[in-house]
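Here's a quick briefing to read alongside the model. Keep the 3D view open and click on each residue as you go.

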Amino acid sequence: MDDQPDPETLNENSELLFSFGVIADIQYADLEDGYNFQGNRRRYYRHSLHHLQDAIEDWKKESNIPCCVLQLGDIIDGYNAQYQASEKSLELVMNTFEMLKVPVHHTWGNHEFYNFSRDYLTNSKLNTKFLEDQIVHHPETIPSENYYAYHFVPFPKFRFILLDSYDLSVLGMDQSSPKYQQCMKILKEHNPNAELNSPQGLSEPQFVQFNGGFSQEQLNWLNEVLTFSDTNQEKVVIVSHLPIYPESSNSVCLAWNYRDALAVIWSHECVVCFFAGHTHDGGYSEDPFGVHHVSLEGVIETAPDSQAFGTVHVYPDKMMLKGRGRVPNRIMNYK
């Protein structure tokens, strides 16, 4: 599936409906280049901001300017917290995004929680829930305040759902809260290692501290929204920091209870695509139910002479990802 078709050479009878941008794992910090946790992958902390600036310039020049951008989480790096630079770095990146005059939907990843508490994020510019659309006559499709998720309609008959893959997590949570205790219990039941960020020897290597999962409450809400979309013959795109399909990610980067999320999605007809970040190498797979799982390559591990972002062009019968730099082109037909 890794042939790279050129989205420019589309047949003329396809009608472009709308476009949206995707970018993941910027992880900006005002630091010299460094390496990942294992010490074998270079990270370009300072240059990631230039990559974002270039992406924005590119999006602004497109003949079909994206109607919105999906920022797939890890917007600034956890190192900022050590240097008391979290707020300053976030402000710099957010000001850069504002050069693009379209809505940006922000997903929360592990690095958000290395820098900020959940309460802080809820009251920050990284909370884009105000961009949500409400299905007034279906109150069960309104998300609860207990997790950060919402849905919106960028174009008629297309619904986007942003999920909180750290709804179950020990990150960013008040350690005296019952939910923290519950999540720590889940984590330790699956991970007996002294270092909870280590997947060593685990039969389910996704149970590490830098990952998280979806509460039953959030999955029930997702089910209600997808039921509405099925009934109304909408196509749905789901967005999460953590991937949920093993073939589109390495096994360590998946959401804790990815199977539960897949079970909900697979019980509906409407989902066409699932976008995630987190696994900096990227990945792609179409699952047996025809859902395309795209894990976007991370900006943070993208060399200065390359790029890592994309524009998705949406047609009545398919989506076409036009990737830049490390992000390959993809044609994703609807089932």
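Asp-58 is partly exposed, at 30% relative accessibility (partly exposed sits between buried, under 20% relative accessible area, and exposed, over 50%, with a 1.4 Å probe and protein chains only). Keep in mind that this is a predicted model, where local features need pLDDT of at least 70 and side-chain atom pairs count only at pLDDT 80 or more, while totals for chains, interfaces and linings use all residues. Residues are numbered from 1 along each chain as its sequence is written, and side-chain values use heavy atoms, with hydrogens and water left out.

**Asp-58 and its partner**

- Asp-58 pairs up with Arg-324 in a salt bridge, and their closest N and O atoms are 3.1 Å apart (a salt bridge is a side-chain nitrogen of Lys or Arg within 4 Å of a carboxyl oxygen of Asp or Glu).
- This pair links distant parts of the chain, since Asp-58 is in helix 1 and Arg-324 is in strand 13 (residues 318-325), 266 residues apart.
- Helices (H or I, at least four residues) and strands (E, at least two) are DSSP runs, numbered from the N terminus.
- Arg-324 counts as buried, with 11% relative accessibility.

- Asp-30 makes a salt bridge with Arg-46, and the closest N and O atoms are 2.6 Å apart.
- Asp-30 sits in the loop between strand 1 (18-23) and strand 2 (34-35), and Arg-46 in the loop between strand 3 (42-43) and helix 1 (47-61), so this pair ties together parts that are 16 residues apart in sequence.
- Asp-30 is partly exposed, with a relative accessible area of 47%, and Arg-46 is partly exposed too, at 33% relative accessibility.
- Glu-32 also forms a salt bridge with Arg-46, with 2.8 Å between the closest N and O atoms.
- Glu-32 is in the loop between strand 1 and strand 2, while Arg-46 is in the loop between strand 3 and helix 1, so the pair ties together parts 14 residues apart in sequence.
- Glu-32 counts as exposed, at 59% relative accessibility.
- Arg-41, Arg-43, Asp-281 and Glu-301 are joined in a network of salt bridges.

**Helix 1 against helix 3**

- Helix 1 and helix 3 (residues 86-97) pack at an angle of about 15°, and their axes are 10 Å apart.
- Axes here are lines fitted to C-alpha atoms, for helices over the stretch in contact, and angles run from 0 to 180 degrees between N-to-C directions.
- Which residues of helix 1 and helix 3 make the contact? Leu-49, Leu-52, Gln-53 and Ile-56 do it from helix 1, and Leu-92, Val-93, Thr-96 and Phe-97 from helix 3 (contact means heavy atoms within 4.5 Å).
- The residues in the contact of helix 1 with helix 3 split into six nonpolar, two polar and no charged (Ala, Val, Leu, Ile, Met, Phe, Trp, Tyr, Cys and Pro count as nonpolar, Asp, Glu, Lys and Arg as charged, and the others, Gly among them, as polar).

**Helix 7 against helix 8**

- Helix 7 (residues 216-231) and helix 8 (residues 258-266) pack at an angle of about 20°, with axes 9 Å apart.
- That makes helix 7 roughly parallel to helix 8, and helix 7 passes helix 8 in a right-handed crossing.
- The contact involves Leu-219, Leu-222, Asn-223 and Leu-226 of helix 7, along with Asp-260, Ala-261, Val-264 and Ile-265 of helix 8.
- The residues in the contact of helix 7 with helix 8 are six nonpolar, one polar and one charged.

- Most residues other than glycine have a negative phi.
- Lys-157 isn't a glycine, yet has a positive phi of about 75°.
- You'll find Lys-157 in the loop between strand 6 (150-155) and strand 7 (158-162), where Lys-157 counts as partly exposed at 47% relative accessibility.
- Gln-233, in the loop between helix 7 and strand 8 (235-239), also has a positive phi, near 50°.
- Gln-233 is exposed, with a relative accessible area of 68%.

Technical notes: Parallel < 35°, antiparallel > 145°, perpendicular 65-115°, else oblique. Left-handed = near helix turned anticlockwise from the far one by under 90°.
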